[in-house]
Amino acid sequence: MGENEPTVPSPSQQDKKMAYHKVNADQRAQGHSPYLDNDELQATALELEWDMEKELEEPGFDHFRLDGAVQHHLGNSQSPDLDLEPIQPSSSPKGRFQRLQEDPDYISHYTRQAPKSNRWNFFQILKVFCTALILFIFGILIGYYARKKCPSPSPSQEPNNAHIYHEILKEIKAEHIQQIYRDLLQFPREDDVDIAMKILLQWRSQGLEDVQLVNYSVLLDLPGSSSNTVTLKNSGECFYPSGQQCNTETKTLHSRDLLYSYAAYSAKGTLEAELVDVQYGTVADLIRIQAITNVTKKIALLKLGQSPLLYKLSLLEDAGFGGVLLYVDPCDLPKTTDLTDKAFMVSLNGGGDPSTPGYASIDGSYRQNRLNLTTLLVQPISAVLAKKLISLPDNTVQKDRCIPLQWPASGKKIISLNIQSVTTYKTISNVIGYLKGAIFPDRYVIVGSHHNSLNTYSGQEWASSTAVITAFIQALTMKVKKGWRPDRTIVLCSWGGTLFGNIGSYEWAEDLKRVLQRNVVAYISLHNPVTGNSTLHPVASPSLQQLATESQSFQCVEKTRCPGSNVSSVQIQGDSDYFINHLGVPVTQFSYENIKTSENSSFLSEALFPVHTTKTEELDPSFSLHETIAKLTGQVTLQIANEPVLPFNALDIALEVQNSLKGDEVDIPQLLAVASRLRDTAELFQSDEMRPANDPKERAPIRVRMLNDVLQSLEKSFLIHRTPPGLYRQHKHLTKMKHATKKCQQQPPPLEGFY
């Protein structure tokens with residue numbers, strides 16, 4: 001063939017050419033791109049087809065693969081599923097396409113090696129697979145026997161919990177608490193925000209990094225410019241609440257104490273009326289009084305104690321009284337305490353900011369105009385003034401026996417009560433610190449103290465509370481710096497506004513109510529840890545009574561003198577109120593007192609007497625009592641924060657309910673039967689669920705988490721709503737059932753309905 005002769009394609013080449021045209025046409029049809037329909041591109045494609053024909057005739061065509069070409073076109077096409085089945089040339093000049101007819105799936109695989117190489121690869125893969133399988137089996141056998149011989153590391157770590165607790169608590173020392181206490185007293189009497197900021201800086205200096213200052217603008221009822229007075233209309237004598245006569249000299253003497261001897265959120269004004277002795281203001285007392293006289297708009301002489309103050313005031317208000325003089329009977333106080341000439345402060349606020357009842361005082365909240373929380377004019381007075389009003393001699397002790405104060409059989413007195421206080425909005429601050437948990441960061445153990453609020457005369461009890469929690473923080477952070485973390489998050493709080501009705505804790509909890517309902521495990525209170533030096537007074541919710549008892553035993557190992565105090569279930573005063581009575585969170589508190597633990601005496605703490613700077617150091621000069629309270633509080637906190645299974649006792653809850661019913665005057669067999677079934681269920685729960693979970697070999701993480709959720713929610717089942725003012729949850733158990741027994745005739749409602 002000559003060089004200039006035109007080349008005529010052979011029939012086989014024409015077949016190939018048609019096949020390539022079909023591929024290009026199919027791709028243009030599927031792509032729907034006008035760019036692919038360009039004439040120049042068609043001419044270029046034709047030239048490439050001829051070049052490919054020449055390339056097919058080259059000797060090295062055995063290495064040509066269709067997958068490269070196909071993939072190139074696929075990259076620019078909208079549809080990846082090209083129909084390549086028609087590309088089956090019937091002949092080839094050199095036999096290079098013969099395997100396309102032998103294997104129809106060849107093109108769909110894009111690439112395929114020669115039959116020999118396929119066989120070689122199959123044997124290679126099989127050999128590698130068998131080798132890997134043998135090594136895997138040997139690995140399982142070696143791991144099984146190694147695990148059998150070596151002990152599991154998790155159980156060996158658990159006994160170290162007690163050692164960790166000991167290392168942390170041994171850093172809490174009396175001299176450290178005393179130094180912190182004295183540093184706090186150096187703070188000048190400043191605004192609540194300033195005190196809170198200094199506490200925040202102190203906690204940060206101890207090593208607690210995550211600390212916040214949370215402020216709320218709330219409505220407070222503060223003393224006026226002059227003291228309230230009580231005037232006898234018969235003689236014209238005027239008295240201050242302490243019992244001192246109204247004159248210039250006594251006004252300047254302890255003027256701060258005189259100003260702060262008042263009832264916050266009382267009604268204001270002047271009332272002249274007859275004085276009526278109602279003793280403790282119980283239902284029986286009121287029935288007796290109303291049977292002999294008309295009490296409308298009269299002034300009641302009321303003793304503090306036996307039942308909550310707010311509940312008694314609600315009864316007096318419903319009866320029609322116009323005012324109340326409130327005092328503490330000397331016979332209800334311990335012999336070591338002489339407060340007969342001291343007036344005191346009380347708050348008539350059930351809890352939180354009065355202008356935002358039930359919701360948080362944050363920006364944008366609706367403010368209600370609630371200047372007074374009662375229609376009664378309420379004034380606290382000293383026992384000395386109460387004796388003068390009753391016309392009793394000062395000496396009421398005969399032969400070592402205290403005679404309670406009581407109105408004589410005959411006698412009638414008209415008095416004039418003048419109350420002036422000022423309601424205003426102020427900012428109160430909470431200090432909130434977080435020590436994040438390593439395993440359960442979404443479960444919170446809250447430890448709460450309180451700090452000074454707006455220059456009140458509450459003495460230095462707030463400094464004791466803050467010093468104890470600061471010493472505990474110091475011990476915790478020393479361990480954290482060494483790499484330790486609690487399993488659950490520990491939240492450390494110093495509340496503001498406590499004296500005016502636990503305002504700081506209420507507002508913070510109302511602001512975060514949904515989160516706290518779901519995540520809070522327990523609340524440990526440090527409200528007034530040392531108010532006496534004779535009796536250790538541990539108080540706990542039913543589910544935490546056993547833990548509080550065990551914590552005392554632990555401290556007995558550390559000290560030669562064991563406290564040996566029984567854990568009480570009477571209501572805890574202070575900022576724990578919202579957590580236990582609104583969130584159903586179990587609460588515990590340790591404190592030293594001089595008053596014997598009883599249901600009646602617990603309500604005497606509602607009176608806030610003026611305690612001066614040296615009083616705390618007189619009660620505990622070595623601060624050993626503060627150290628004991630700090631270690632007991634720390635022990636309980638660490639156990640709740642670190643034990644895999646929460647150390648709560650369901651059986652104690654059932655026993656509390658059963659014991660309350662047994663003391664009821666009206667014996668209803670159906671209720672006792674329900675309480676008995678509750679006890680049986682609690683015993684079964686502890687034996688079948690809690691006991692196995694405490695064994696590390698049977699401690700499945702999912703099962704433990706479910707069990708802890710149940711334990712965390714136990715006391716929430718005993719919450720009730722719209723309770724009488726001042727009645728707490730421990731008393732609600734008994735009171736609610738007593739009222740329910742009157743309506744219960746045939747079939748008792750479910751147990752949850754009573755709480």
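Student: Where does Tyr265 lie?
Tutor: Tyr265 sits in the loop between β4 (263-264) and β5 (269-279). Strands here are DSSP runs of E of at least two residues, helices are runs of H or I of at least four, and both are numbered from the N terminus. One caution: this is a predicted model, where local features need pLDDT of at least 70, side-chain atom pairs count only at pLDDT 80 or more, and totals for chains, interfaces and linings use all residues. Residues are numbered from 1 along each chain as its sequence is written, and side-chain values use heavy atoms, leaving out hydrogens and water.

Student: Is Tyr265 buried or exposed?
Tutor: Tyr265 counts as buried, at 0% relative accessibility. Buried means under 20% relative accessible area, exposed over 50%, and partly exposed in between (1.4 Å probe, protein chains only).

Student: What is phi of Tyr265 near?
Tutor: Near 70°. That is a positive value in a residue other than glycine.

Student: And what about phi of Lys297?
Tutor: Phi of Lys297 is positive too, near 60°. Lys297 is in the loop between α13 (283-290) and β6 (299-303). Lys297 counts as exposed, with 57% relative accessibility.

Student: New topic. At what angle do α9 and α16 cross?
Tutor: The axes of α9 (residues 174-185) and α16 (residues 461-480) cross at roughly 130° and come within 8 Å. Axes are lines fitted to C-alpha atoms, for helices over the stretch in contact, and angles run from 0 to 180 degrees between N-to-C directions.

Student: What does that make α9 relative to α16?
Tutor: Oblique. Under 35 degrees counts as roughly parallel, over 145 as roughly antiparallel, 65 to 115 as roughly perpendicular, and the rest as oblique.

Student: Which residues in α9 meet α16?
Tutor: His176, Ile177, Ile180, Tyr181, Leu184 and Leu185. Their partners in α16 include Trp462, Thr466, Ala467 and Gln474. Contact means heavy atoms within 4.5 Å.

Student: How do the residues of that contact divide?
Tutor: Into 10 nonpolar, 5 polar and no charged. Nonpolar covers Ala, Val, Leu, Ile, Met, Phe, Trp, Tyr, Cys and Pro; charged covers Asp, Glu, Lys and Arg; the others, Gly among them, are polar.

Student: Where is Met478 found?
Tutor: In helix α16. Met478 is partly exposed, at 36% relative accessible area.

Student: How many helices and strands does the protein have?
Tutor: 26 helices and 18 strands. Of the 755 residues, 49% are buried.
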